[in-house]
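User: I'm new to reading protein models and would like to learn how to look at one. Could you walk me through it step by step?

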There are 2 protein chains.
Amino acid sequence: MQNDDHDTAQGRRPLRFALFTTNSPSGFPGSPWSQPLARDHDYRSLDSWMDLARKLEAARFDTIFWADHSGVYDTYEGSRDATVRQAVQFPINDPSALVSALATVTEHLGFAFSANVIQEPPFSFARRVATLDHLTKGRVAWNIVTSFQMSAWRNVGHETVAGHAERYARAADYVDVVYKLLEGSWEDRAVVRDLTTGIYADPSAIHSIDHVGEFYSSAGPAVTEPSPQRLPVLFQAGSSSDGRAFAARNAEAIFIGAKNPRGAASVIDDMRARVRDEGRHSDDLLVFQQLSCIVGRTEEEAKAKAEELRASINDEANLAYTSATMGLDLSAVDLDTPIGQLDTDAMQGKLRALAEAAPDKAWTFREVVSTLTAPQVVGTGEQIADYVEAYAAVGVTGMNVAFLNGLGELEDFTRYAVPELQRRGLMQTEYLPGTLREKWSGSPRVNERHPAASYRRIAAEIGHS
Amino acid sequence: MQNDDHDTAQGRRPLRFALFTTNSPSGFPGSPWSQPLARDHDYRSLDSWMDLARKLEAARFDTIFWADHSGVYDTYEGSRDATVRQAVQFPINDPSALVSALATVTEHLGFAFSANVIQEPPFSFARRVATLDHLTKGRVAWNIVTSFQMSAWRNVGHETVAGHAERYARAADYVDVVYKLLEGSWEDRAVVRDLTTGIYADPSAIHSIDHVGEFYSSAGPAVTEPSPQRLPVLFQAGSSSDGRAFAARNAEAIFIGAKNPRGAASVIDDMRARVRDEGRHSDDLLVFQQLSCIVGRTEEEAKAKAEELRASINDEANLAYTSATMGLDLSAVDLDTPIGQLDTDAMQGKLRALAEAAPDKAWTFREVVSTLTAPQVVGTGEQIADYVEAYAAVGVTGMNVAFLNGLGELEDFTRYAVPELQRRGLMQTEYLPGTLREKWSGSPRVNERHPAASYRRIAAEIGHS
């Protein structure tokens, strides 16, 4: 998914930059909502979000990215109490509701959000995401999530959470419906919009999908006409074997949380092989490494801010989050136990990557927990750029930037890190034209190697000349 | 739901004004999308919608109202072809996706949209509508819809549409979940937001709902903190006996489509009795009569515009819509048959009201069909005001204004009808402060007689002092 038109003077394709956040009081799980640089952002307020979106576009970020879930972390101490007290991604509002408002104050910024496959039928999701793609003129991305939270499943009527393999089977069925509706049910020639005859669309070019899957059924056609991208840009973040298989087939971009460039290289090698096995090209997949950082004019300034963060972190918040994502109540565990014996397939996202990257798996639970809200880089703009450069060298093509000390950190990041990243050709100085997918890959729609492309109707194939 | 602070110099409470439209090429079903006053509004464009929202607020409309459905009308000739050709509410984008964008350019305008109880689980809907209520500072209203469309049910995985009684049983279960989540699961004291201690919320004031209903189950609590209105203002439009019973219990406002003030009076009498039987006050329910109109500086000017509309109407569009809403393929019926013999309970919304209002039920199908896209008033601002005044006299408290010749008609409505309506005290000249519900009833939350109020937790009742 490379766009070669964007090479800089250094002959380098800039990395894509996403800002990681959530639609909740604290942008990052475990990061205190009440810190000085966090508290000015009111997640309930459009003004706060519009201000952030304007600043991100001024700094030439490619996209905002909202992580999301629809339950509550309730593993630690067998209750949700710590989560509620510390606002660990709870409360959490629907991020997709922000998109159209933020499109009114930006022209290029992308809007990527997580949505899990249990929160609504794929038909309803496809309709909403297509609507947003119309309204934003093609700036929407979807991070496909299979929820691991018991509470999220119980909120929408299931008795319990499905097992890991079933969750990915559900996700595969879900995206199949979305692909058929948005890529398959309306041919390119369907919309006529003829003012003279009053004909809006041609019925012969709009098709039912009659999908009957193991988990989801849908008659179709989509009730939305084709939007600029048809499908949102597709992200996925699963790091388990099932997750990687799903991403290799479906994703156009993945989020990873490697501990070092070597760890990233190993994921990238594995994913490139998997992507090729799916009949896709290895560069059909962008890789966004997490970059949690604190920046200062000097290293000392950055370290002082990091110390403020460290002092304000509440262990309870971290334990609540880690327990839920590990599926293990850490109030009942000696935190000095090495995690090596754990079944990593049962662990989620970043923790799993951390566990796998830990040498000899000798890390203790305490180390894993404290790593979660420890920034990966604390330093000057040059030091941030060095970090990014090291990841770029092993094939990372995007950064998912997280500010653990609050969204207010964007100001110093923009002041000290962005100019240096741009000077080195690691970050764009101007946006490319077109939709988010065009900016990233040069093509408005998923390419012909993506599984969704197989649902495109070619007029000749279905009996139209 | 009366707010007496708003009486005008004439001693009259102004009526509330909604603008009826849909998020589709033609604002009104059967009304041609390609008419001169319709074609400038591009439903896929934020600019078009923002322009409309600003104009509505300048004219002091209370709310925009998007009717909605999530299928395609496919009864006529046993296919969707006519619907597709004429764009009869197809394509149709998700109206809720527009709300946050339009909140950025308005301060008072309400955002009412239809959402049916099959398109997503009540938990996910509650989360989204609460998010929108936060972002708009309490300007959201929900028109509760039980979809009668086979195609809509089949789009979200059902094999067929449920019967009328089951649909309302579903709706009752659905709203129960929404009430428990948004009124019941977070006590008023739950959010602490203490910057000193870092405590965001008090776990003892947040409760699971553990709803297990016939159709929907949800564990809760809501993942959203209480929004300004907690519940959106609740609309309902069902005119069948089941629909009226549901509205009497749950609605704060209803839409009616009476043929004349006498017909409206009869609905209002019936609804007032039903509302009282539910233990509510008869003025707990606002009644919005549909007002489809064409306005001119002179009557001749208005009539010329109506003639243009009449000439551009395509019978196929009307037949497609009427067939679907009647559940009867009108291509197989002699249009000159009187409709008297039909079971009106099987008919939907406006048609049913028309059928019931028809003297001796001697109306023919042809007359019913042509009435659908015939404006109720064509004339000067004075004539519009006379019409509104006649409905106000029988107890109608709101108008749901539809422009059959396109949203561009708003300009003449604002120029010729609004000043006269305001002069007579029938339309507000300034907005009241507060949320939409406060503007309309003086109270930010549903009143104590509403069934949702029974789920409110009183601290004393549950063991907190």
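Analyst: Let's go from the pairing of the chains down to single residues. Keep in mind that this is a predicted model.

User: Which surface do the copies use to meet?

Analyst: Compare the interface residues on each side. In this model 100% of the interface residues of chain A are also interface residues in chain B, so the copies meet through the same surface. Chain A brings 72 residues to the contact, and chain B brings 72 residues as well.

User: How is the size of an interface often given?

Analyst: Often as the accessible area lost when the parts come together. Between chain A and chain B, the buried area is about 6,100 Å². Carbon and sulfur atoms give 59% of that area.

User: How many salt bridges and polar contacts are there between chain A and chain B?

Analyst: A salt bridge pairs a nitrogen of Lys or Arg with a carboxyl oxygen of Asp or Glu. There are 6 salt bridges between the two chains. One of them joins Arg44(B) to Glu225(A), with the closest N and O atoms 3.7 Å apart.

User: Which elements of chain A give two or more residues to the side that touches chain B?

Analyst: Among them are helix 2 (46–58), helix 4 (99–103), helix 5 (122–135) and strand 6 (217–218) of chain A. Helix 5 of chain A gives the most, with 8 residues. By type, the residues on this side of chain A divide into 32 nonpolar, 24 polar and 16 charged.

User: Now inside one chain. Where do Asp51(A) and Lys55(A) lie?

Analyst: Both are in helix 2 of chain A, 4 residues apart, which is about one turn of the helix. Asp51(A) and Lys55(A) form a salt bridge, and their closest N and O atoms are 3.1 Å apart. Over all chains, the structure holds 69 salt bridges.

User: What about aromatic rings: how many pairs are there over all chains?

Analyst: For rings, look at the distance between centres and the angle between planes. The count is 42 aromatic pairs over all chains. As an example, the rings of Phe235(A) and Trp440(A) have centres 6.0 Å apart and planes at 75°, so this pair is edge-to-face. The pair links distant parts of the chain, with Phe235(A) in strand 7 and Trp440(A) in helix 16 of chain A, 205 residues apart.

User: Last, the backbone. Is the peptide bond from Gly220(A) to Pro221(A) cis or trans?

Analyst: It is cis, with omega near 0°. Pro221(A) sits in the loop between strand 6 and strand 7 of chain A. In chain B, the bond from Gly220(B) to Pro221(B) is cis too.

User: And what is phi of Gln89(A) near?

Analyst: Near 50°, a positive value in a residue other than glycine. Gln89(A) lies in the loop between helix 3 and helix 4 of chain A.

How values were computed: Residues are numbered from 1 along each chain as its sequence is written. Chains are lettered from A and ligands numbered from 1 in the order in which they are written. This is a predicted model: local features need pLDDT of at least 70, side-chain atom pairs count only at pLDDT 80 or more; totals for chains, interfaces and linings use all residues. Side-chain values use heavy atoms; hydrogens and water are left out. Contact means heavy atoms within 4.5 Å. Buried area is the accessible area (1.4 Å probe) that two parts lose on being put together, summed over both. A salt bridge is a side-chain nitrogen of Lys or Arg within 4 Å of a carboxyl oxygen of Asp or Glu. Ala, Val, Leu, Ile, Met, Phe, Trp, Tyr, Cys and Pro count as nonpolar, Asp, Glu, Lys and Arg as charged, and the others, Gly among them, as polar. Rings of Phe, Tyr and Trp (its six-membered ring) pair if their centres lie within 6.5 Å; planes under 30 degrees apart count as stacked, over 60 as edge-to-face and the rest as tilted.
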